[in-house]
Amino acid sequence: MLARATAEAVAAVGGYGGGVYLRSRTEGLLLMALLSGLPGPLFRPWWRMHVNRPYPVAEAYRSGQSVHLADAESSMRRFPQLMAGLPYPFGSLYEPVTAGKQRFGVLLALRAATPGVPVSADDRQRLRAAADRLGRELAALADAGEPVVWEGEPVVVEPAAGTEAADAGIDAGTGAGTGAAEAVDRFAQAVLSVDRQGRIRFGNAAASALLGPGDPPLRGRVVWEALPWLGHPAYEDHFRAVFLSTQPVHFSARRGEGPSGTWLSVGLYPGHTGVTLTIGAADKPAYAPASATHPGAGLGSPADRASALYRPVALAIALTEAVTARQVSAVVTEELLPAFGGRQLAIYMLDERHLHLAWETGFPQGFLDRFDGVALDVRLPGVECLTSGRPLFFESMERLAAAYPGIPLDAHVGARAFLPLIASGRPVGSCILGFDVPRGFSPEERTVLTALAGLIAQALERARRYDSEAALARGLQSALLPHRLPVCEHVETVGRYLPGTQGMDVGGDWYDVIETHSGLLALIIGDVQGHGVAAAATMGQLRSAVRAFALSGSTPQQVVSGTNQLLIDLDPGQFASCCYVLLDPASGSAAAVRAGHPQPLLRHRGGRTEVLDLPGGVVLGIDPEATYPVTELRLTRGSVLALYTDGLVEKPGTDIDAGVERLRAALAAARPAPLTETADRLIGETGDDDRPDDIALLLASLTDGPDGPGPQPPAVARA
């Protein structure tokens, strides 16, 4: 069923290969179930595909929409990760296989690239029809109780074009085939015909001579098994290129080791039914992969690492963890430059039609300053690569100077690559790679660098959006936190807030001091779960709610219970902790309520500091029936009450009780006045590096009042 659907899809678009991905028993994982027209082992890295990956197969399955990529340029713009791994000119079309609300997988077809010519409406309709038919058939299987899932490796099948028939004329040994075979046998170089699964269908006399004595005949054997030196990892990309695109590929290969090893010239000529190989004698090339020159040494040269190992894995993974534009630039420096043997890097960001230098390394100090802030109408390679959308490669500084007469050049004499940074069709900036020595750029390297530039552009665009959201969140939080605390008789209050340093995001910590109409003072501290704009917005709503309840004359228990119910109504699933203290400044009497929040600290006048043991209820936003007990306290003159969020006492890998004890000791050792110095000392205990969470701190000190316990004042008793 899958083979028929694939053959229909490939024929519908005039392609040469295709396949089907099906869902597996692992949630979110698609597996290639069938592959036609390509050698399976060469494409093993693409046998598994998670639905959340940024690849066209995953997007088609995830969105339920068709994905049509007519050429390499459209692929690079939309899916740079795909082209970073398969940097060849080919077209690919992806259709989700569905039936009603059931999603089974994705049907794909591969064909020659059609630069500048989009996929026609007829091709789209025919491919859609093939996918719909397969969806109905799979739905029928599912309705009959057959689990439509795939496990294991893909089935690799012959394309429907009829490779056997195409090769039969030569191999039959009669008629026109005999004449053709005789003609090919006269060539001094080896000629082989290989089908699209990599099996040899024909080899001339010179090809047979490549085998050692006693080896079985060529016909029917996989080319990399019959000629194992061609299966070296250094040459895999060449074979992937020729099976995916319609363009011939030529490269030098080494057969044998040591002094007896010989260099051969290999030509690959693709067609819909297979590939023709030519192999002839050659001199040692000026550049040879180190892994081929010294077998067993691994992929040692920069070009080899870029071609076979580095591409796009390390860079893509690292870019997903980079948050700011500076972090993205640092990742590119650490991953991209070593992969290609580069020494200089410059990244320019586009802002209001001017390019501004965002990052540089390796260039002479101050050399790039003259290019900072240039407009898009200036004739410079870094500008023109962005405005045209095409990368520019110069094998030497002489060629760069010839193309741009009068351009200032640094002292380096090497090559330059200018890459446009374009994300989803939007210009982001440009990237310059510099090399210390002149060097060429192979077609594969050019495509890889262009695709990796797309990854960098996406990461920079994401960082720009992240920075904008962080700025919005910080501005929102700044507006919601109190700009100054009320000045009250008998009580001094000081508040501090520090955002977390990891992720450059803001959280939902807040504090407040409210003068009630009855002359009491409400001290509040809270912590909303999560970070970002949503947490800051929720924090603002809770702060407003607590203020409204407090000013309406509600008791502490009513304030916290009402805020709990409000949070449940506003955002089910969101929760927050809180500590609310209602203080009588004249007497020092207080009533405290705690909702899942860290216990406050109380420093007595003599310096003794204790962790208060306040019974509390669950965090806000969980249980609408939750109750919150009230605890009576008494502050004396010179005592300090400390309310704080867990960011001040919690560190990864350590017990929170140890953090609370550290804070208690710091408060005990601090001078009781001025209170601002005490707050700064407590905040300073956390350090500035690697702070995963934000911090809020509120200190209250009784400056005038009783020196010891006394009768409870009527105002607090009523509360």
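These legends describe close-up views of strands in a predicted model.

**View 1. Strand 22 and its two faces.** Strand 22 spans residues 576–583 and is mostly covered, with eight of its eight residues buried. In a regular strand, side chains alternate between the two faces of the sheet. Ala576, Cys578, Tyr580 and Leu582 point one way from strand 22. Ser577, Cys579, Val581 and Leu583 point the other way, and the residues of both sets are all buried.

**View 2. The hairpin of strand 22 and strand 23.** Strand 23 covers residues 589–595 and runs antiparallel to strand 22, to which six bridges join it. Among the paired residues, Leu583 has Ala590 of strand 23 as its bridge partner. Five residues lie between the strands of this hairpin, and Gly588 takes a positive phi near 85°.

**View 3. Strand 27 within the structure.** Strand 27 is made up of residues 640–644; five of the five are buried, so the strand is largely enclosed by the rest of the structure. Val640, Ala642 and Tyr644 lie on one side, Leu641 and Leu643 on the other, and both faces are covered.

**View 4. Strand 27 and its pairing with strand 24 and strand 28.** Strand 24 (residues 601–603) pairs with strand 27 in the antiparallel sense over three bridges. Here Leu602 has Leu641 of strand 27 as its bridge partner. Strand 28 (residues 695–702) also pairs with strand 27 in the antiparallel sense, over five bridges. For Val640, the bridge partner in strand 28 is Ser701.

Note on methods: Residues are numbered from 1 along each chain as its sequence is written. This is a predicted model: local features need pLDDT of at least 70, side-chain atom pairs count only at pLDDT 80 or more; totals for chains, interfaces and linings use all residues. Side-chain values use heavy atoms; hydrogens and water are left out. Buried means under 20% relative accessible area, exposed over 50%, partly exposed in between (1.4 Å probe, protein chains only). Helices (H or I, at least four residues) and strands (E, at least two) are DSSP runs, numbered from the N terminus. Two strands pair if DSSP finds at least two bridges between them.
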